Amino acid sequence: MAEALRQAAQAEAAGEVPVGAVLVWHRPDGVDEVIARGRNRPIGDRDPTAHAELVALREAARQRDNYRLPDCSLYVTLEPCAMCAMALLHARLRRVVWGATDPKTGAAGSVLDLFAEARLNHQTAVTGGVLAEPCGQILRDFFGRRRAEARAARQAGAPSNPPPAAAAAGPEASLPPSP
Ligand SMILES: [Zn+2]
């Protein structure tokens, strides 16, 4: 997960929402080998599907020369969305380990839980909340900075010296009285 966090930091440096993923192959000799890494890159790639999980998943499938990865596990800093969860299930991953919960789009228990859906033909084991604090903090810092920048931009665009009365009473104060 520490490596996934480094991927998240790289996403942030590239101006993307900081989410990172690492895909591990459980080799027959018992050694776990990182075979793919992914960072969130939908803006840069002009690709709404370029979530960290799918970037790592595509690379791992190429590495293993197989669209199914039953001897692999994915570590991702944020709870997967429905698109990624379904792709991970299609790939028949052994396990998915995620960090921070995503109350808005999480599909591993927050909004819905595709991994617990018994009607689907494959079940992948999941473990959530691993290093949840640093995984969530990098996102909170990112969005906090974005909000501060948006506020600063709004203030820069406002008139530099509004009349004190109008400024204090809000925009309605400058409207003519209603008949
Ligand atoms: Zn996703």
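This is a predicted model: local features need pLDDT of at least 70, side-chain atom pairs count only at pLDDT 80 or more; totals for chains, interfaces and linings use all residues.
Okay, let's start with confidence: the chain averages a pLDDT of 90, and 88% of the residues score at least 70. That's the predictor's confidence in each residue, on a scale from 0 to 100. Residues are numbered from 1 along each chain as its sequence is written.

Now, the site. UniProt, in an unreviewed entry, puts a "binding site" at His51, Cys81 and Cys84. These three are spread over 34 residues of sequence, yet they cluster in space, with a largest C-alpha distance of 9.2 Å. Bear in mind that UniProt annotations may be inferred rather than shown by experiment; the positions follow the numbering used here, and feature names are shortened.

Where does Cys81 sit? In the loop between strand 3 (72-78) and helix 4 (82-90); helices (H or I, at least four residues) and strands (E, at least two) are DSSP runs numbered from the N terminus. Cys84 is in helix 4.

Buried or exposed? Cys81 counts as buried because it has 21 C-beta neighbours inside 10 Å, and Cys84 is buried too, with 28. The cut-offs: 20 or more other C-beta atoms within 10 Å is buried, 12 or fewer is exposed, in between is partly exposed, with C-beta atoms placed from the backbone.

For contacts (C-beta atoms, placed from the backbone, within 7 Å), leaving out residues up to four places away in sequence, Cys81 touches His51, Thr105 and Ala107. With that exclusion, Cys84 touches His51, Glu53 and Leu54.

One caution: pLDDT stays under 50 over residues 165-179, where the model has 4 contacts beyond four places in sequence.

Definitions and conventions. Two residues are in contact if their C-beta atoms, placed from the backbone, lie within 7 Å.
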